[in-house]
Amino acid sequence: IFNMRRLMTAILLAGFAGGILSCDGQVKQNSPSDRKAAANVLEEKQHAQLTDADTSNYPGRNSISGVDFRYAARKVTPGVVHVNSTWKGDKERDMAEENDPLRDFFPFFDPFRQKGPVQGSASGVIVTSDGYIITNNHVIENADEIEVVLHDQRSYKARVIGADTKTDLALIKIDEEKLSFIPFGNSDEVEVGEWVLAVGNPFNLASTVTAGIVSAKARNINILKDREAVESFIQTDAAVNPGNSGGALVNLKGQLIGINTAIATPTGTYAGYAFAIPVNLVKKVADDLLNF
């Protein structure tokens with residue numbers, strides 16, 4: 001039976017080797033050593049770690065082609081990572097997946113009947129040089145192992161600092177220093193019609209950059225399962241696909257303005273509508289996860 005919900009379905013963007021997977025979530029508590037008393041600690045870290053080169057004027061326009069995306073693409077690509085999550089097969093997870101509503105959206109393939117470990121591949125954004133990374137909650141939710149692969153192919157085991165089902169955000173950490181990171185922008189200043197870039201790892205294609213414009217702001221697409229969910233997405237027509245979850249939406253200055261999270265599509269792949277969590281909400285949630 002086809003209805004409008006199935007014809008134009010909003011789906012989360014984590015890409016999986018066996019299809020799309022979504023699990024019931026929980027908030028994970030950070031250890032005492034990770035807790036910080038100060039508010040806005042991630043943004044304060046960024047300000048302390050930025051150099052003069054990071055804050056210099058950007059080219060913005062090219063005399064030949066008009067808009068120039070090269071500066072932003074070059075600046076932000078090293079700050080977007082590959083997040084590989086592994087779920088080991090168990091009865092509790094199998095039962096949760098059997099009851100997952102996204103299962104009905106893929107009748108032609110049933111990844112939930114697979115037994116044993118399931119692996120998922122998505123994206124994350126480095127936001128401080130000492131290894132704090134923001135991604136989507138559905139990317140790492142209930143994962144037994146999380147691996148982060150940097151732009152230069154260095155690989156690290158990551159630990160979860162905290163996760164929030166209400167906004168579908170998670171903060172994870174790797175033990176490394178002097179990493180490239182993407183500075184926060186201001187999503188309140190983003191305007192409809194503004195050029196943006198989406199950076200992530202769709203279909204395991206690492207460090208993919210696509211361009212588009214902001215199509216709308218404050219979109220609520222009723223995709224998050226939590227009853228108290230907060231949805232106020234930035235809508236863009238920059239191409240994103242499964243695997244882009246947790247990746248960066250940036251402006252032409254190379255500033256983070258959103259975390260790519262979902263698409264609206266009748267097919268399960270990009271059909272022109274993509275949605276990102278605005279960075280001002282991301283900053284607030286990430287700081288709360290770190291502090292508390």
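Contact is defined here as heavy atoms within 4.5 Å. Helices (H or I, at least four residues) and strands (E, at least two) are DSSP runs, numbered from the N terminus. The model is predicted, and local features need pLDDT of at least 70, side-chain atom pairs count only at pLDDT 80 or more, and totals for chains, interfaces and linings use all residues. Residues are numbered from 1 along each chain as its sequence is written, and side-chain values use heavy atoms, with hydrogens and water left out.

The chain contains 6 helices and 17 strands. Of its 292 residues, 54% are buried (under 20% relative accessible area, with exposed meaning over 50% and partly exposed in between; 1.4 Å probe, protein chains only). Contacts between residues at least 24 apart in sequence account for 73% of those between residues at least 6 apart.

A nonpolar core is a set of buried Ala, Val, Leu, Ile, Met, Phe, Trp, Tyr and Cys residues joined through side-chain atoms within 4.5 Å. The largest such core has 35 residues, among which Leu 42, Ile 134, Leu 171, Ile 182 and Leu 256 touch the most other members. Helix α6 (residues 279-291) gives the most to this core, with 6 residues. A second, separate core of 22 residues includes Ala 143, Val 148, Tyr 156 and Val 160. Residues touched by Ile 134, not counting those up to four places away in sequence, include Leu 169, Leu 171, Val 282 and Ala 286.

The 13 residues of α6 should span 18 Å at 1.5 Å a residue, which agrees with the 18 Å between its end C-alpha atoms (expected span: 1.5 Å times one less than the number of residues). Buried residues of α6 include Val 282, Lys 283, Ala 286, Asp 287 and Leu 290. The cover over the buried residues of this helix includes α2 (41-49), β7 (132-136), β10 (159-164), β11 (169-173), β16 (256-265) and β17 (273-278).

Strand β11 is largely enclosed by the rest of the structure, because 5 of its 5 residues are buried. Leu 169, Leu 171 and Lys 173 lie on one side of β11, and Ala 170 and Ile 172 on the other. Strands pair if DSSP finds at least two bridges between them. β11 pairs in the antiparallel sense with β7 over 5 bridges, where Lys 173 is the bridge partner of Tyr 132. β10 and β11 also pair in the antiparallel sense over 5 bridges, with Ala 163 opposite Ala 170. These two strands form a hairpin with 4 residues between them, and Asp 168 in the turn has a positive phi of about 60°.
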